[in-house]
Amino acid sequence: MDALKNIYAGKISAGIALLISVGAAQSCAPRPIYRAPPPVGRAPDPAPLPPLPPGQESIRQPFPEDSKIKEQNLPARGTGTTRVLKETPATTGIPAQPGQPAPLPDDSSLLAKITPGMPPQRAASLRLTEEGRKLIDAGAPAKGLQRLEQSITIDSTNPYGYFYLAKAHHKLGRYKESLNFLDVAESRLAAEPYWLAEVHALRGENFRALGMTERAEASFSRALSINSGNRTAVEAISRPQGNPAAVPR
């Protein structure tokens, strides 16, 4: 028994000595150098691209970074025609001629001037004036003259009645009588630019028929300065002076 104990004791002592020698050897061994890992979120540097063959260097173009992409680097949407239309500002309207106002709205309807609160005399006078105007335009100025005289009898303050009286006399060849009625109409239509331009244009027609060319041109110019869309003045200036009836009215 004693011999077995001595054998076990020797083995234990040899194992302890082996452990001590291994630990001493590990403590004396060199330790590996610690290397910090690359920071998170940083992409590795790209590998350099291989060189291109001679003559093809212009094919490769660097792609712009996301933060430096500009609008001109993006492809245009739609067709080329669409892009041209978008970049070209649309022009609307025709610029007015220097020194002339824009054409005035048409205010020739006399029936539209009749309102519910209008005095009966004025309403009746306007209706007769409208009838006289239609007769003049239909080529019956004598019949129109009768209606217009009635309109003035009912309401002597009706300015449109005086204007169409002047027009009826002009159609009948009574140019001086027409000028007299135009003077009355002008004083009553001074606050209505559309009708004031009509007065000056008709006065120009009378002056031209009387051979007063300069006064006629001045009247037409005055009409256009008030209303550049006055048809009578535009047609009178565009037609030869020797033929006042070249353009039907």
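**Aromatic pairs and a helix crossing**

Okay, so let's start with the rings: the count here comes to 5 aromatic pairs. Keep in mind that this is a predicted model.

Here's one of them. Phe163 and Trp195 have ring centres 5.6 Å apart and planes at 80°. Planes over 60 degrees apart count as edge-to-face, so that's what we call this pair. And where do Phe163 and Trp195 lie? Phe163 is in helix H5, residues 159-171, and Trp195 is in helix H7, residues 193-209, so the pair ties together parts that are 32 residues apart in sequence.

Now, are these two buried or exposed? Phe163 has a relative accessible area of 3%, so it's buried. Trp195 counts as buried too, at 1%.

Trp195 also pairs with Tyr164, again edge-to-face, with 6.0 Å from centre to centre and 80° between the planes. That pair links H5 to H7 as well, with Tyr164 and Trp195 31 residues apart. Tyr164 has 6% relative accessibility, so put that one down as buried. If you follow the ring pairs around, they link Tyr160, Phe163, Tyr164, Tyr194 and Trp195 into a cluster.

Okay, next up, two other helices. H8 covers residues 213-226 and H9 covers 231-238; their axes come within 9 Å and cross at roughly 135°. That angle makes H8 oblique to H9, and the crossing is left-handed. Who's touching whom? On the H8 side you've got Glu217, Phe220, Ala223 and Leu224, and on the H9 side Ala233, Val234, Ala236 and Ile237. By class, that contact has 7 nonpolar residues, 1 charged and no polar.

Note on methods: Residues numbered from 1 in each chain as written. Predicted model: local features only at pLDDT ≥ 70, side-chain atom pairs only at ≥ 80, totals over all residues. Heavy atoms only, no water. Axes fitted to C-alpha atoms, helices over the stretch in contact; angles between N-to-C directions. Helix = DSSP H or I, 4+ residues; strand = E, 2+ residues; numbered from the N terminus. Parallel < 35°, antiparallel > 145°, perpendicular 65-115°, else oblique. Left-handed = near helix turned anticlockwise from the far one by under 90°. Contact = heavy atoms within 4.5 Å. Nonpolar A, V, L, I, M, F, W, Y, C, P; charged D, E, K, R; others polar. Phe/Tyr/Trp six-rings, centres within 6.5 Å; stacked < 30°, edge-to-face > 60°. Buried < 20%, exposed > 50% of the residue type's maximum accessible area, 1.4 Å probe, protein only.
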